[in-house]
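Please walk me through this model in the viewer. Tell me what to select at each step and what I will find there.

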Amino acid sequence: MSEQPASTPSEGQRLKEYLEPTVSAQGLFLEDVEVRSGADHRTVNVIIDLVEGTGNVDLDTLAEASQAVSEAMDHSPVAPGAAYDLEVSSPGVGRPLTLPRHWRRNVGRLVKVNLMGEDNITGRLTAADDTTITVVPDIPVKKGMKAKQGEPRTLAYDTIRRGVVDVEFTRSGPLDDEAVEIDEAQEA
């Protein structure tokens, strides 16, 4: 099996470049295109997201974007030659926060931050810009005690090894209307 030269873009990268205008026309951001090969077909996973702000891509928007991507793939000069399954989705909760836009999109959520050279932090992401994030850390307490929060910490991106959204089953404090709508859509 021969390897592709480093200067040749991968199939996923070529599709990403081709599909970016289609996704942008839907008012969305093309996060990534992953191509997985099986024995007799391929799966093309197109990951889209809102351009900015918090919240998630709603099901109607996802369906419209999926239709537009499917039509573009039908006319693509770079689409996989063999049979393929097309999956269009939004980033999952477990997807790492790797870019400043990922952090900005998740302000208000609970995050786990793996730091270089010091203990990890789990806490509420309160701010994110192009160079730093601010997290209000949760302080571990004994079971049954009310959760405590530490002093806000501002962290430079170059000190963060990895970050992810932490799944919250309960949340102290009021939820905004958008979060309630998202939770209802995810349960459906």
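Start with the solvent-accessible surface of the whole chain: this predicted model exposes about 11,800 Å², and carbon and sulfur atoms supply 50% of that area. Colour by burial next; 31% of the 188 residues count as buried.

Switch to a cartoon. The chain has four helices and nine strands. Followed along the sequence, they come in the pattern α-β-β-α-β-α-β-β-β-β-β-β-α. If you draw the contacts between residues at least 6 apart in sequence, 54% of them join residues at least 24 apart.

Now select Leu19, Leu30, Val33, Val46, Ile48 and Val69 and show their side chains. These belong to the largest nonpolar core, which has 16 residues, and they touch the most other members. To see where the core comes from, highlight helix H1 (11-25), strand S1 (28-37), strand S2 (42-50) and helix H2 (59-74), each of which supplies at least two of its residues. Which element gives the largest share of this core? That is H2, with five residues.

Stay in this core and centre on Val33. Leaving aside residues up to four places away in sequence, what does Val33 touch? The list is Gly12, Leu15, Lys16, Leu19, Val44, Asn45 and Val46. Leu19 and Val46 were already in your previous selection.

For the last stop, select Leu97, Val111, Leu115 and Ile121. They are among the 14 residues of another core, which lies apart from the largest one.

How values were computed:
Residues are numbered from 1 along each chain as its sequence is written. This is a predicted model: local features need pLDDT of at least 70, side-chain atom pairs count only at pLDDT 80 or more; totals for chains, interfaces and linings use all residues. Side-chain values use heavy atoms; hydrogens and water are left out. Buried means under 20% relative accessible area, exposed over 50%, partly exposed in between (1.4 Å probe, protein chains only). Contact means heavy atoms within 4.5 Å. Accessible areas come from the Shrake-Rupley method with a 1.4 Å probe; for residues, only the protein chains shown count as cover. A nonpolar core is a set of buried Ala, Val, Leu, Ile, Met, Phe, Trp, Tyr and Cys residues joined through side-chain atoms within 4.5 Å.
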